[in-house]
Amino acid sequence: MYALAEYLTRCLISNHIVGKEQEEEYVYGFQILFGKLLSYTTLILLSVYYGVLIPGLIFMGVFFSLRGRTGGYHAKTSLRCYLVTVASYLLVVQIGSSVLIEREYISVIISIVSVITVFVFAPVNHPNLMLDGQEIQVCRQSSRWLVSMVAGCIWIAYALPIRTICIAYAVMGLGLDALTILMAKITGQEVKEE
C-alpha cells in the first residue's frame, strides 16, 4: 500500500496538483484510504460469503462510526490492523451472533457496559491523533450522543419485530468499540492530558 500511496502522491506532485511540501501528508492519507477500502471490502465480502450482508453492514456502521469518535486500540502496523479487524469480524460472525441471539440478556449487559465505557473513557487520544483540548471535548460529546442513540435503538429494536441477528450485530459493533477503548487504556496507548 505504501508503494501505491507514494506513486499516486508523486503523480499529483509531478502534475502540479499538490506541492512537494505536502508529500508526506498525501502519502499518509492515501495509505489510510487504501487501508480502509481494503478492510471495508473484505468485511463486505465476508458478510456476503456468510450470508449476513445486512447485519454485517449494521455492524460496520455502528463500529466504525463510534470508532471514529471514541478512538481505541491501534495496531503497530497497517497489516496488523487489517488482520485484527478481519479476525475480530470473523469472531463476530462465527461466535458472537449465535451467543447473542440465544441469550438476549447478554446483549443488554454488553450494551450497558459499552455505554458506560464510552461515557467514562472516550475518547482515547492516541499519539497519532494528538487531539487538542477542544477536539477532545467535541469527540467526547459526539461519542456520548452517538453511543446513547445506538443503545437506545438497540433497546427499542427488541420491542419491534426486527430480526434478532440485526440487533446482535449492532450490539457486537457497540461492544467491540468499547473493547478497543479498554485495550488502549490497558496498554497505555494514549497521550495524557496536561
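Mentor: The second largest pocket holds about 340 Å³ of space in what is a predicted model. Its lining consists of 18 residues, and those closest to the pocket centre are Ile-110, Met-172, Gly-175, Leu-176 and Leu-179. Three helices each supply at least two residues of this lining: helix 4, helix 5 (104–121) and helix 7. Helix 7 gives the most, with 7 residues. By class, the lining of the second largest pocket has 13 nonpolar and 5 polar residues, and no charged ones.

Helix 7 also has a helix partner to consider. The axes of helix 7 (residues 164–187) and helix 3 (residues 53–70) come within 8 Å and cross at roughly 25 degrees. Angles under 35 degrees count as roughly parallel, and helix 3 and helix 7 are therefore roughly parallel to each other. The crossing of helix 3 past helix 7 is right-handed. On the helix 3 side the contact includes Ile-54, Phe-59, Val-62, Phe-63, Leu-66 and Arg-67, while helix 7 brings, among them, Tyr-169, Met-172, Leu-176, Asp-177 and Ile-181. Sorted by class, this contact of helix 3 with helix 7 has 15 nonpolar, 4 polar and 2 charged residues. Met-172 and Leu-176 take part in the contact with helix 3, and both are listed with the residues closest to the centre of the second largest pocket.

The largest pocket can be described in the same terms. Its volume is about 1200 Å³. It is lined by 40 residues, with Ile-32, Lys-36, Arg-67, His-74 and Cys-81 nearest its centre. Arg-67 of helix 3 is also part of the contact with helix 7. Helix 2 (23–50), helix 3, helix 4 (78–102) and helix 7 each supply at least two residues of the lining of the largest pocket. Helix 2 accounts for the largest share, 8 residues. The lining of the largest pocket divides into 22 nonpolar, 14 polar and 4 charged residues.

From the N terminus on, its elements run α-α-α-α-α-α-α. Taken along the principal axes, the C-alpha atoms fill a box of roughly 60 × 45 × 25 Å.

Key. Residues are numbered from 1 along each chain as its sequence is written. This is a predicted model: local features need pLDDT of at least 70, side-chain atom pairs count only at pLDDT 80 or more; totals for chains, interfaces and linings use all residues. Side-chain values use heavy atoms; hydrogens and water are left out. Axes are lines fitted to C-alpha atoms, for helices over the stretch in contact, and angles run from 0 to 180 degrees between N-to-C directions. Helices (H or I, at least four residues) and strands (E, at least two) are DSSP runs, numbered from the N terminus. Angles under 35 degrees count as roughly parallel, over 145 as roughly antiparallel, 65 to 115 as roughly perpendicular and the rest as oblique. A crossing is left-handed if the near helix is turned anticlockwise from the far one by less than a right angle, and right-handed if clockwise. Contact means heavy atoms within 4.5 Å. Ala, Val, Leu, Ile, Met, Phe, Trp, Tyr, Cys and Pro count as nonpolar, Asp, Glu, Lys and Arg as charged, and the others, Gly among them, as polar. On a 1 Å grid over the protein atoms alone, a cavity is a set of points where a 1.4 Å probe fits but cannot get out, and a pocket is an open set with protein on both sides within 12 Å along at least five of seven lines; lining residues have an atom within 4 Å of a point. Grid points are joined across faces, edges and corners, and a volume is the space filled by probe spheres set on the points.
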